[in-house]
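Dear colleague,

Please find below the structure I said I would pass on to you, with its sequence. My notes on what was found follow directly after it.

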Amino acid sequence: MTGSSSTCNIGESSLWSWAGLPVEERFRELLEAAPDAIMQVDGEGRILLINRVTEEMFGYSREELLGNPVELLVPADLRHRHSQHREAYAHHPAMRPMGAKLQLEGMRKDGTRFPLEISLSPAGGDGNGAIRVTAIIRNITERKQAEEQLRAVELEYTRELEERNSQIERANRLKSEFLASMSHELRTPLHTIIGFAELLAEELQGPLNDKQKRFIGHIHKDSLHLLELINDILDLSKIESGRIALRPEAFDFQTVVHESVATVQGLADSKHLNIITKIDVPTALVADRLRIKQVLVNLLSNAVKFTPDNGRIVVEAKVLDGKLHANVTDDGVGIPPSEHASIFDKFHQVGATTKGVREGTGLGLAITKHLVEEHGGAISVDSAPGKGSRFAFVIPLQPQRTA
């Protein structure tokens, strides 16, 4: 108890000792202890009061500043603007930061400039209607330097990122050009192989035995399959290098649907699949006829591959709000929901076909998505294992004009 009482008495003694000081001396002690520069000016902008930090910040002695215009501490090229701001503040005095949207600068006695922040507060009148203003000034040089260093780091990072992206784009472009070149080089001999296989199959140069016919059939079939894969790679390389150009024309969509069905009909018949079309498109579609047929053939080919024998495939199309809405639905093996987001990615293969093997390169749906989007449309899938799949795409009936 005695110790506590003693501590309390010491604290009270210190408090009463400080409180017993004259008000002016207490005010001066608080003013000099402040971490920021503090200044007070009269209605005409003359300096009435400063603290020690003000002297240190600006390099002037107290005697050099008191009674002089505050513009002495403002760079010469900013003094006129500062006077205007001071006059405007006198008409609407309030506690607020000065020049919230301005880059404020102070000037030391040696002429060097530095950034600062100023908070203003009206401090009462001088008896003639003019107000005194108290300003709290903070040197923000270190903060500005830190911000500039951060900006420099960000700029350097951005530059490196842009350079890296440029290198990646160049590498992708070169890769696509290489693939396009190689695809052309590979297609030429493949066409020759396919042509000779067809000639041999016709037996114009003499009859073939059953084994020879089977071998020729394998050569022809696998060459056509390889040609299909090369064409897919060529299309993808064109898309990625930005060299694919659509050639819009007006055509009957139902006719293209029938042509697309005819393309896959042979394989569908071998599996006894029933392909049904329900087309209600009374007006012409203006698009790239060849590419729209490619979209349909890709979707139909997938449906045939993944639909078991004696299954059904339905192609539907209608016009709604100036857009073509088309879909290809099958009752095949289906696609897990977890793969819906990635099914249109390059080289992505969902799973085995009804033959129990994986076929193709996984490029068909990626190309299909690109072609639909090039027409200003979108494609989606609705599927579940054992419940079949429904691929739907929407494109404008007329090409979209861009500014």
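Predicted model: local features only at pLDDT ≥ 70, side-chain atom pairs only at ≥ 80, totals over all residues.

I begin with the pairing of two helices, in which Phe253, Thr255, Val256, Val257, Glu259, Ser260, Val261, Thr263, Val264, Leu267 and Ala268 of H8 are in contact with Arg289, Ile292, Lys293, Leu296, Val297, Leu300, Ser301 and Val304 of H9. Helix H8, which covers residues 253-270, packs against H9 at an angle of about 35°, and the two axes are 9 Å apart; the crossing in which H8 passes H9 is right-handed.

H9 also has a contact with H10, and there the geometry is as follows. Helix H9 (residues 289-306) and helix H10 (residues 364-374) pack at about 145°, their axes lying 10 Å apart, and H9 passes H10 in a left-handed crossing. On the H9 side the contact is made by Arg291, Gln294, Val295, Asn298, Leu299 and Asn302, which meet Gly364, Leu365, Ile367, Thr368, Leu371 and Val372 on the side of H10. The residues of this contact of H9 with H10 divide into 6 nonpolar, 5 polar and 1 charged.

Turning to charged pairs, the structure holds 19 salt bridges. One of them joins Arg28 to Glu32, with the closest N and O atoms 3.0 Å apart, a distance that falls within the 4 Å cut-off for a salt bridge. Both Arg28 and Glu32 belong to helix H2 (residues 23-33), where they are 4 residues apart, or about one turn of the helix.

With kind regards

Terms used
Residues numbered from 1 in each chain as written. Heavy atoms only, no water. Axes fitted to C-alpha atoms, helices over the stretch in contact; angles between N-to-C directions. Left-handed = near helix turned anticlockwise from the far one by under 90°. Contact = heavy atoms within 4.5 Å. Nonpolar A, V, L, I, M, F, W, Y, C, P; charged D, E, K, R; others polar. Salt bridge = Lys/Arg side-chain N within 4 Å of Asp/Glu carboxyl O.
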